[in-house]
Structure formats: C-alpha cells, structure tokens
Amino acid sequence: MNLVPKSSSVPALSTARNAIIAIVIFFVTHFALLVGVGTPDKFYFDEVHYVPAARQMLAPATSAPMLNPMHPPLAKQLIALSIRGFGDNPLGWRYPGVLFGSLAIVAVYLCGLVLFAAQGPAVAAALLAFFNQMVFVQSRIAMLDIFALAFGLFAIAAFMHGFRKPRPQLWFALAGLAAGLSTACKWSGLFVLATCIVIVAAIRLMQGWRTRFADGSIDDWYRPDLWHDFKSWHFAICFVLVPAVVYLATFVPLYGLSLSDLVEAQRRIFGDNTTTAIAGHTYMSAWPSWPFLVRPVWFLFDKIGDDRISAIVQLGNPLVLWPALPALAVCLRDWIVARRYDAFLILAFYFGLYLAWALLPRTLGFLYYYLPSATVASLALVYVLRRGNSPRWLLWAFVAVAFAGFAAMLPISAGFVGTSMQTFNRLMIFQNWI
C-alpha cells in the first residue's frame, strides 16, 4: 500500500541542524513580516479595540471602565509592552504580531519535524503556512488572533511530540502550558486544549475497553500499550492544573489576587463570547463557508492617489487552501483504512480547531477565525505530496505555486504595496469577495 514513507524518530535527526533551520525560518519570516508594517499609520479594523486597551494597561492607575473586557489580557499586555519599548506608534502597536507570526511559522516547522521526521517536508510545511496569506495578514495588525495561534501551535507541536512516547508527561505538560497561554490571549485557545483532552480521553476509553487491532502496527494511531505510565493525576496536572494556573496568572497584574474580581472577569468574558449577536456585520460569515473562502474580510481600503488604493484583505490563498480540502480527504482515508497516526493527528487538530466554532451559540463569525485550521492544513498538504512514491520535486513545485499565489495577492495583503482599482477588481474574482 502506497502511503507516507515510514518515519524515523525525531531524535535521529540532527538537533543542532534543526535548531539552525528553526532560527533561519524565524529571522527570514520576521524580516518579511516587518517590511512596511507601519502602513497604514493609523488604526485599522479591530486595532481600534485592542490598542486603546493596551494603552490603558500602561496608565499609572487603570481607569474605569476597563476597555475590551471581553477577551483575556495576555495579548493586550504584550502589545502594551511593545508600546512601552517602541513608542505609541504603528511599529509599537504591531511589532508583537510580527514576532508571534514568526514564532507561529517556526511552530509549524516543529510540527512537521514530528510528523515527517525530515527537515525538507517540515520546511515545506512552514512555507505553505506562510504562503497561505492568512498568517501574513494577521501578523501585521494589532489583533489577538496571531498570539493565540502561535501559542496554540506550540501546544500542538508539544502534544504531537509526546503522542508516541511511552512517558509523555513532560511534553503533555508543555502542551498544557502553551494551550493555557493561548487561551490567555483569546478563548479560542481552549479549542487546542479541548482537542488534546478529547484525544487522550478517546484513547484511554478504547484501552479501557481492551480494544485491539487484529494486525496492529507501530504506525497505528491507537495502540493498547500507549502511555502505560501516564496516570489520571498526570492528566489532571498536564491538561487542567498547568493551563489553569498560567491562564489565571495573566490576570494578576490587573486584578491582583482578588478572587471575586477574577471570577467576575471570567463571567464577563463568558457572557460576551457566548451571546448570540443580533446585529449583522458587513464581513461576517458562517463557519461552514470558511474553508471555501466565500466571504473575505476587508481590513483596509483607502484611496491614496489617482486610481491608487491601499488595501488589506484577509482572504486566504486559494492556491493553498482549496487544494488542502482534498488533501484532508486523503488524510481521512489513510486514518480509516491504514490507521496512520500522522494522518489522525493532522485531522484531529484541523477539525478540532474548526468544528468547535459550530458548537458556539454566537452567530457573529469571520473568515479569520479559520486561521488556526488553515495553518494546520499545510501539514495535510505536505502529507499528501510526499505520500507513497511521489517524486520529491512535486512537493517543491507545489510550494512554488503557493508562492506565486501569495505574490499575486500582495497588492491586497500589504497596505504599503498599493495597487490600482483595476488590479484590485481583477483579484476580487467573485462577486461575494467584494
């Protein structure tokens, strides 16, 4: 059966070389994201909510009412630290997004190392994640999503690394820590934690039922001997205590150790994030439409000259995200038919981060909520493109196609580039993109 080649273990790879590649990925991505990040030199889209909230945190005494209480404080605290260091200007507002966008791509590389145990495919996964356009746009605006994404991806990388180890306690604890930090940026970080918990619970349930595959193999996603040393109290520490402690610790600078204030802050976040939105929004879209890129979000559209505009549209690269859908179908086939653990982990975190939105009563949604799943989808593409006897050049040819799509979209992805109305209209292929 032609499947993804059998993987050697990650430790068999050169740790030093992996680290060097990760550092190179970070600095190259950092430079690419930093170019022109100061354009526009004013707030755009939801920066009007988060930058004032960060400014308030820098005040000697916090004024009432607290701004933007509907989200946890960590991402806004990071923006506040940047404003203190770089000044109250566009670079100060947006530099943390650049930093964490670069870290997010490094985290994808680490996920690729775990799944594919090869540096080439891991680099390709990182490049596809960057070229999907969504990470690029979201890293250059002072919003919360890129922070939650970066911490969430590190949680996924740690969980994947521990998944096949007989003693996964350390890696699962690191996953819980990173998931707690992701949740401290935005409650959607809970989706990563919930996915980890569901995976562990499902495997423990099957082990309790003494489930066995008749022709079991080391590459099975489920094995009856998995984590034989991982106890219930380990689970509680890794996925309950650690994330809860790091999450609540981010509130201490705002509320001190007042239990009533901490509880009230959580009540307010819960109420604001579970209330069904009554009023619509020009760019809102429902979760079933996100993988198909039906309704983009216009972050910026400014006229800067005769027939010249500055535009930033959160759309996603169709040359990456549409092919990802059949790639996910192949992963599904391999999980069901061949019981591949790597296909299983890709599917679990893609759908865990995506379908969780379907459970929320809140009707107000936007395409950029799909950002975590869209980023994980790069792993599915690499999985399929190196599957069986596929030639190595095929993967890199697809990366080149993805880059071409990314480059073509730069006029509507980076405000400093600028474009003409003719080019803008040509890139807005479908009526519902306008």
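A cavity here is a set of grid points where a 1.4 Å probe fits but cannot get out. Keep in mind that this is a predicted model.

**Cavities and the pocket**

With that in hand, the structure has two cavities of 30 Å³ or more. The largest cavity comes in at about 190 Å³. It is lined by 18 residues, and those closest to its centre are Ala148, Leu149, Ser188, Gly189 and Pro372. Which helix gives the most to that lining? That would be H7, with six residues. Helices H7 (145–163), H9 (190–208) and H16 each put in at least two residues. By residue type, the lining of the largest cavity splits into 12 nonpolar, four polar and two charged.

Then there's the open kind of space. The largest pocket holds about 780 Å³. Its lining runs to 35 residues, with Asn273, Trp357, Arg362, Leu364 and Tyr369 closest to the centre. The elements giving two or more residues to this lining are H2, H9 and helix H12 (259–274). Sorted by type, the pocket lining has 21 nonpolar residues, 11 polar ones and three charged ones.

Next up is H5, which covers residues 119–131. Its 13 residues should span 18 Å at 1.5 Å a residue, and because the end C-alpha atoms sit 18 Å apart, the model agrees with that expectation. Is H5 enclosed or open to the outside? Since 10 of its 13 residues are buried, H5 is largely enclosed by the rest of the structure. The buried set is Gln119, Pro121, Ala122, Ala124, Ala125, Ala126, Leu128, Ala129, Phe130 and Phe131. What lies over them includes helices H1 (15–34), H4 (90–116), H6 (134–138), H13 (318–321), H16 (371–385) and H17 (392–409). After H5 comes Gln133, with a positive phi near 75°.

H15 (residues 341–355) is another one to look at, and it contains Asp342. This helix has 15 residues and reaches 20 Å from its first C-alpha to its last, close to the 21 Å expected at 1.5 Å a residue. H15 is mostly covered, with 13 of its 15 residues buried. Asp342 has 0% relative accessibility, so it counts as buried, the cut-off being under 20%. The side chain of Asp342 also makes a polar contact of 2.9 Å with the side chain of Arg340.

If you're checking torsions, a few loop residues deserve a look. Thr39 and Pro40 are joined by a cis peptide bond, with omega at about 5°. Pro40 belongs to the loop between H1 and helix H2 (47–58).

What is the burial state of each?

**The segment after H18**

Finally, Asn432 lies in the segment after helix H18 (421–427). Asn432 is partly exposed, with a relative accessible area of 34%. Which residues does Asn432 touch, leaving aside its neighbours within four places in sequence? Those contacts are Val294, Arg295 and Pro296. For Val294, the backbone oxygen lies 2.2 Å from a polar atom of the Asn432 side chain. As for Tyr44, it is 388 residues from Asn432 along the chain, and the two C-alpha atoms are 22 Å apart.

How values were computed
Residues are numbered from 1 along each chain as its sequence is written. This is a predicted model: local features need pLDDT of at least 70, side-chain atom pairs count only at pLDDT 80 or more; totals for chains, interfaces and linings use all residues. Side-chain values use heavy atoms; hydrogens and water are left out. Helices (H or I, at least four residues) and strands (E, at least two) are DSSP runs, numbered from the N terminus. The expected span of a helix is 1.5 Å times one less than its number of residues. Buried means under 20% relative accessible area, exposed over 50%, partly exposed in between (1.4 Å probe, protein chains only). Contact means heavy atoms within 4.5 Å. A polar contact is a pair of N or O atoms within 3.5 Å; within protein, one must be able to donate a hydrogen and the other to accept it, and residues adjacent in sequence count only if both atoms are side-chain atoms. On a 1 Å grid over the protein atoms alone, a cavity is a set of points where a 1.4 Å probe fits but cannot get out, and a pocket is an open set with protein on both sides within 12 Å along at least five of seven lines; lining residues have an atom within 4 Å of a point. Grid points are joined across faces, edges and corners, and a volume is the space filled by probe spheres set on the points. Ala, Val, Leu, Ile, Met, Phe, Trp, Tyr, Cys and Pro count as nonpolar, Asp, Glu, Lys and Arg as charged, and the others, Gly among them, as polar.
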